[in-house]
Amino acid sequence: MTGVQSVDSVALLPAYLAAGTAVLVLLTDLLLARARATIAVAALGALGTAVGAVLVGLGGERRTFCVGADCSWIFGGRAALVAAVVALLTLGVLGLSVPALLAGRSPVGEYAFLLACSMTGGVVLGAAGDLITLIVALETLTLPLYVLVGLRRGSLASAEAALTFFVVSVVATTLTLLGAALLYAVTGGLHLDRLSALLAERPELRELPLTTAAVAVLLVGLAFKVAAVPFHAWAPATYDGAPLPVAAYLSTASKLGGLVALLAVVQRALPADQTGPVLALLAVLTMTVGNLVALRQRRTVRLLAWSSVAQAGYILAPLGALALAAGRTEEARSAAYAAAVTYAVFFVVLELAAFAGVTALRPAGADGGTVDDLRGAARRHPWRAAALGLALVGLAGLPPGLAGLFAKVTVVRALLDGGAAWLALVVALNAVIGLAYYLRVTAALWAPTPLAAPNGGGAAAVPLVGVVAVVLAVATVAAVVLGVAPQLVLDLAGR
Amino acid sequence: MSFGQVLLVAVLAVPALGAVAVAATPRDRAARLVGTVAAALTLLAAVPLVFGGRGWFAWSADAPAVRPWHQLDLPWVPGLELRFHLGVDGISWPLVVLTALLTLLCCAYTMWRVPDGGSGRALVALLLVVEVGILGTFLALDLVLFFLFFEVVLLPMYAIIAGWGGADRRRAARKFALYTLFGSVLLLVGVYVVVAAAGTADVVALTGGAGMSRGTQLAAFTLLALAFAVKSPLWPLHSWLPDAHTQAPTVGSVVLAGVLLKMGTYGLIRVAVGVAPEGARWASPVLGVLAVAAILIGSLVCLAQADVKRLIAYSSVGHMGFVLLGVATLTTVGLQAALIGNVAHGVITGLLFFLAGAVKDRTGTGTLAELSGLRETAPRLAGLLAFAAIASLGLPGLAGFWGEAFAVIAAVQVGGPLWTTLGVLAAVGGALTAAYFLRLLRQVTHNRPSPAVGQVGPGLAGAELTAWVPLVLLALAIGLAPALVLGVAEAPVDALIGVVFP
């Protein structure tokens with residue numbers, strides 16, 4: 001029976017569910033053409049995908065599409081975590097989009113279909129076992145976003161943002177592909193595990209300049225996706241021009257996707273002594289530049305965008321410990337990977353809560369506005385402002401946002417275990433800079449409103465759409481629960 | 001759970017639940033009353049912690065250096081070495097009671113007067129949250145838990161300053177938050193340097209160094225000492241303090257000066273010195289020099305201050321300098337001086353800020369040049385101010401004396417040219433302290449009443465007396481019977497010095 005593979009469909013179930021969601025959404029939109037039905041189908045599909053991922057993940061690791069010992073699809077604990085988180089983020093973002101969709105600001109069917117397609121990419125990404133699956137999954141995640149960013153009708157900023165995002169992203173993909181091709185040229189392998197085995201077996205391959213170039217190009221391409229400095233310039237413009245929920249998706253699911261891809265190649269394929277220094281440098285630059293520029297932002301979404309650039313730096317930081325020999329022991333390495341995943345999970349929950357808070361405090365379909373537009377919001381909407389405040393404080397890493405505090409603690413701990421005290425200090429000092437702008441937004445929420453401001457400055461009363469409230473409440477409760485019991489995430493990420 | 005464990009949990013749970021109850025009570029005055037009752041219950045739970053548990057550890061060679069009277073140890077986040085480990089002993093108990101008392105007095109004071117800026121309900125809730133953070137810091141016997149509680153205090157205190165403070169409150173509050181966070185992130189790194197090297201975060205196991213290498217201990221002590229130096233604050237990291245104290249509302253200043261600063265000195269003794277004794281021995285001369293610099297600079301700046309709250313704020317820099325000098329000597333006498341100096345400063349400076357707030361509320365100004373002749377129009381207020389100022393300058397028989405005198409004595413006892421000089425300079429600083437407090441008194445109480453003072457009535461409100469009298473009595477009691485603090489602290493300090501110089 002040569003040439004015929006046995007395919008383990010159970011392992012593929014989450015991917016089937018996600019892709020099926022996209023198809024069903026398209027059909028529902030064609031046949032029923034009712035906005036609410038389309039949204040409901042998309043939401044149920046996303047929920048089903050999350051449940052499916054968790055159920056399959058509970059059953060232990062499953063592999064399929066194998067050639068010998070190398071498999072292209074490895075669905076283990078971390079893949080299940082990524083798939084479930086991406087699906088839930090999609091569900092949350094869909095909920096945040098409801099007011100704008102019902103107000104007719106964007107075509108519902110296309111919007112939900114593209115979102116479901118992007119989710120499919122994210123679900124596949126976590127399980128990818130070779131470079132081609134990985135890059136295709138990453139593109140499936142990103143491709144629909146070019147359109148989604150530009151989908152706000154009649155908005156020039158939106159179209160500009162989409163174009164910027166498209167051009168930068170295509171360049172990044174080209175670089176990633178180039179890196180993958182060069183690696184294939186050097187080693188003759190594409191499977192992640194096989195690459196690392198080959199490079200370990202034949203040390204002379206690692207001495208080749210071509211290998212170093214391949215590693216660097218591959219990493220740089222992926223760094224674009226997580227918006228790491230110096231490949232970050234697209235992010236603020238794109239986030240600010242995109243509809244709010246799409247910005248939320250970009251800064252959570254899309255960023256998580258980039259991180260997972262980066263982690264997959266760093267952890268499983270590439271030699272740590274070559275990736276470590278690059279990652280350490282990227283991390284330091286990313287968090288420092290992100291934080292410093294965020295200090296000067298006046299527009300809420302731009303501020304969140306720059307802050308999420310900085311947060312990407314914290315996510316990359318534990319991987320920077322690989323730069324030193326002490327960080328390359330088996331134990332320190334797995335601690336570093338687990339710390340990066342842990343931080344990413346805490347971050348996406350808080351970031352989603354923050355975007356949900358901003359959405360809830362802004363009129364339906366509006367953009368993020370300026371920080372001054374949120375002034376005094378707590379007087380009119382104490383609960384929504386409190387939820388947003390909690391998310392921002394969590395992103396800053398302070399109590400009562402315990403989830404964010406534990407996220408920072410995890411990163412610092414992993415760095416010190418890996419002997420990278422200098423990087424831990426950089427992370428710590430960056431947290432201080434970060435507090436300055438998170439505090440500015442948070443304080444604005446509770447600031448007294450300007451005396452007479454009929455249209456300029458000050459938060460007006462905003463009716464709350466039920467779905468947005470639910471998303472905000474669920475994200476906030478998740479942040480609080482993870483803050484009290486961070487061990488849940490630590491256990492999952494360590495597997 | 002034993003009775004002691006129930007008390008430990010109650011000390012933290014009562015103010016935490018109290019804050020929730022205050023936030024949930026719709027009517028402002030009723031909410032403030034609920035908060036005051038919660039603060040009173042916290043004090044009631046804190047005082048009996050002193051009973052029982054002692055003598056339970058017979059002295060032996062392998063007994064740990066930290067021997068809590070009561071402790072509670074539950075797992076929380078094993079992946080981060082975080083355990084919910086609380087305990088109380090002679091070093092922490094006086095500070096726990098002081099915190100509970102000052103918070104109660106502040107809540108009671110808020111029953112009578114709410115500063116401008118926001119609702120009294122929110123202020124009381126925030127005061128209770130701050131209390132949870134401070135008490136947790138004093139009770140934590142797990143380094144990570146200690147760090148966690150250390151952080152809890154930051155934002156509520158920021159909100160108190162930014163919400164109810166003076167004209168320049170936002171800048172002062174932001175400065176406070178950023179400085180303090182700078183300190184606590186260093187604390188975080190320091191804590192995990194220790195945890196990564198020793199494999200545990202248990203303070204009981206770690207005290208004495210737990211076999212950490214010299215390099216690790218020096219690094220850990222440097223980071224931890226810097227963190228606590230910001231909080232205490234130690235010159236030259238003190239510049240957040242005058243702004244924060246001046247701009248904060250009266251109750252905020254009282255809590256800030258009274259107990260918040262003690263988190264730094266307490267942490268220095270319990271965590272920095274205890275966990276990295278070799279680092280402490282190595283750094284003690286530097287610490288001593290900085291402490292004396294703080295005393296002298298604080299006093300000199302005070303001599304030139306024109307604002308009454310700012311003067312008291314800078315006087316804290318000087319007083320905490322004495323406390324840090326006591327710690328830096330690393331002797332039994334020095335540490336005891338530090339502990340009693342801590343408590344005395346909390347009581348006296350708390351009282352001083354209450355009185356300065358009362359003067360400012362009545363006259364509408366805090367500028368010294370516009371205040372004179374208070375004893376003509378408000379003799380009782382002027383008398384109390386004189387009492388507090390004299391207690392603060394260290395008159396024998398009042399609480400301020402012991403900490404300052406014994407810090408100097410400890411420095412001289414250590415001997416050698418450096419420490420003798422430091423002792424002498426600190427004594428000069430003590431004289432300067434007397435000079436600026438007497439200047440304050442001459443300016444405010446004597447001469448003919450200024451226009452601002454002329455309109456002040458002689459009466460004192462009942463709430464004011466309720467808040468002040470306990471502090472006056474405590475200042476007298478500690479001054480006459482320092483054994484109140486030193487009695488309980490003697491054994492743990494001896495044990496600590498025992499591991500610093502094995």
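The contact between the two chains takes 21 residues from chain B and 25 residues from chain A, where two residues are in contact if their C-beta atoms, placed from the backbone, lie within 7 Å. On the chain B side, helices 5, 6 and 7 each give two or more residues, and helix 7 gives the most, with 12 residues. Helices here are DSSP runs of H or I with at least four residues, strands are E runs of at least two, and both are numbered from the N terminus.

| Element of chain B | Residues |
|---|---|
| Helix 5 | 143-152 |
| Helix 6 | 154-164 |
| Helix 7 | 169-198 |

This is a predicted model: local features need pLDDT of at least 70, side-chain atom pairs count only at pLDDT 80 or more, and totals for chains, interfaces and linings use all residues. Residues are numbered from 1 along each chain as its sequence is written, while chains are lettered from A and ligands numbered from 1 in the order in which they are written.

Now for chain B as a whole. Its secondary structure comes to 21 helices and 2 strands, and its C-alpha trace spans about 65 × 60 × 40 Å along the principal axes. Buried residues (20 or more other C-beta atoms within 10 Å of their own, with C-beta atoms placed from the backbone) make up 65% of the 502 residues in chain B. Among chain B contacts between residues at least 6 apart in sequence, 79% join residues at least 24 apart.

Over in chain A, Gly121(A), Gly122(A), Leu125(A) and Gly126(A) of helix 4 meet Ala253(A), Gly257(A), Val260(A) and Ala261(A) of helix 11.

Note on methods
A residue is buried if 20 or more other C-beta atoms lie within 10 Å of its own, exposed if 12 or fewer, and partly exposed in between; C-beta atoms are placed from the backbone.
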